[in-house]
Amino acid sequence: MLSSLTLALAVPTSAQAASCDNFGCDGHDPNVQTWQTGPVSPYGPYDLGGSFEYEMRWGKTDGDQYSWGRLWYISGSDEQKWTVYVQRCTKSHSTCYWRLGEKKGGASGWTSKVPGGTNYYYTRTPMYYNPSGYEMRACAEDPSGNESCTPWY
């Protein structure tokens with residue numbers, strides 16, 4: 001009985017998922033959020049060659065804008081060697097936060113099958129607040145450590 005009660009408490013209710021408070025929502029899962037606008041992809045998907053693409057995602061909830069990254073891939077293509085993350089900087093780039101929400105391809109709890117895709121999956125980062133004085137971008141890193149990023153948004 002205790003395990004079923006614990007499970008019920010771990011699943012967010014629609015009221016929990018709907019309410020978000022700017023920097024306090026950093027690290028939340030965008031898939032359980034209620035969105036007023038979006039989510040959309042202002043940048044991407046960008047081809048990384050072979051079986052991989054990445055994109056930046058954007059959505060607005062409770063009047064605030066949030067962004068996150070997604071890595072798309074074909075299952076079995078060594079996806080665990082690839083990394084996706086976001087970066088957030090003030091528009092002057094005087095203060096920056098690098099590698100936010102870093103996830104390896106296939107990360108448990110952050111990976112979903114692409115709807116309608118036979119063997120295609122995506123791994124997403126958590127969402128991060130993108131206030132008007134900041135800008136964000138999504139990045140992917142290949143197994144050699146080479147980084148590719150979207151434009152700043």
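**Disulfides**

I started with the cysteines: with the bonded ones of the protein numbered in sequence order, they pair 1-2, 3-4, 5-6. My criterion for a disulfide was two cysteine sulfur atoms within 2.5 Å of each other. That rule gives 3 disulfides.

Before going on, I noted that this is a predicted model, where local features need pLDDT of at least 70, side-chain atom pairs count only at pLDDT 80 or more, and totals for chains, interfaces and linings use all residues. I also noted that residues are numbered from 1 along each chain as its sequence is written, and that side-chain values use heavy atoms, with hydrogens and water left out.

C20 is bonded to C25, with 1.9 Å between the sulfur atoms. For burial I used relative accessible area: buried is under 20%, exposed is over 50%, and partly exposed is in between (1.4 Å probe, protein chains only). C20 comes out buried at 9%, and C25 is buried at 2%.

Next I looked at C89 and C96, whose disulfide has an S to S distance of 2.1 Å. Its S-S torsion is about 120°, so I logged the disulfide as right-handed. C89 is buried at 0% relative accessibility, while C96 is partly exposed at 21%.

C139 and C149 are also joined by a disulfide, S to S 2.1 Å. C139 sits in strand 9 and C149 in strand 10 (residues 147–149), so this pair ties together parts 10 residues apart in sequence. Strands here are DSSP runs (E, at least two residues), helices likewise (H or I, at least four), and both are numbered from the N terminus. The torsion about the S-S bond of C139 and C149 is about 105°, so I have a right-handed disulfide here too. C139 is buried, with a relative accessible area of 0%, and C149 is partly exposed at 22%.

**Strand 4 and its partners**

I counted two strands as paired if DSSP finds at least two bridges between them. Strand 4 runs antiparallel to strand 5, with 5 bridges joining them.

Is strand 4 mostly covered or mostly open? I found it mostly covered, with 8 of its 8 residues buried. T83, Y85, Q87 and C89 point one way, V84, V86, R88 and T90 the other, and all are buried.

**Salt bridges**

I then went to the charges, taking a salt bridge as a side-chain nitrogen of Lys or Arg within 4 Å of a carboxyl oxygen of Asp or Glu. I get 6 of them in the structure.

R88 pairs with D26, the closest N and O atoms being 2.8 Å apart. R88 is in strand 4 (residues 83–90) and D26 is in the loop between helix 2 (14–18) and strand 1 (37–49), so the bridge ties together parts 62 residues apart in sequence. R88 is buried at 4%; D26 is partly exposed at 24%.

E141 and R99 form another, with 2.9 Å between the closest N and O atoms. It links strand 9 (residues 134–141) to strand 5 (residues 96–104), so parts 42 residues apart in sequence are tied together. E141 is buried at 17%, and R99 is partly exposed at 30%. Through shared partners, R99, E102 and E141 make one network of salt bridges.

K81 and D78 also meet in a salt bridge, at 3.9 Å from N to O. Both ends come out partly exposed, K81 at 44% and D78 at 39%.

**Confidence**

Last, I checked pLDDT, the predictor's confidence in each residue, from 0 to 100. The protein averages 88, and 88% of the residues score at least 70. Residues 1–16 fall below 50, and beyond near neighbours in sequence I see 2 contacts for that stretch in the model, a contact being heavy atoms within 4.5 Å. Where pLDDT is low, the predicted coordinates should not be read in detail.
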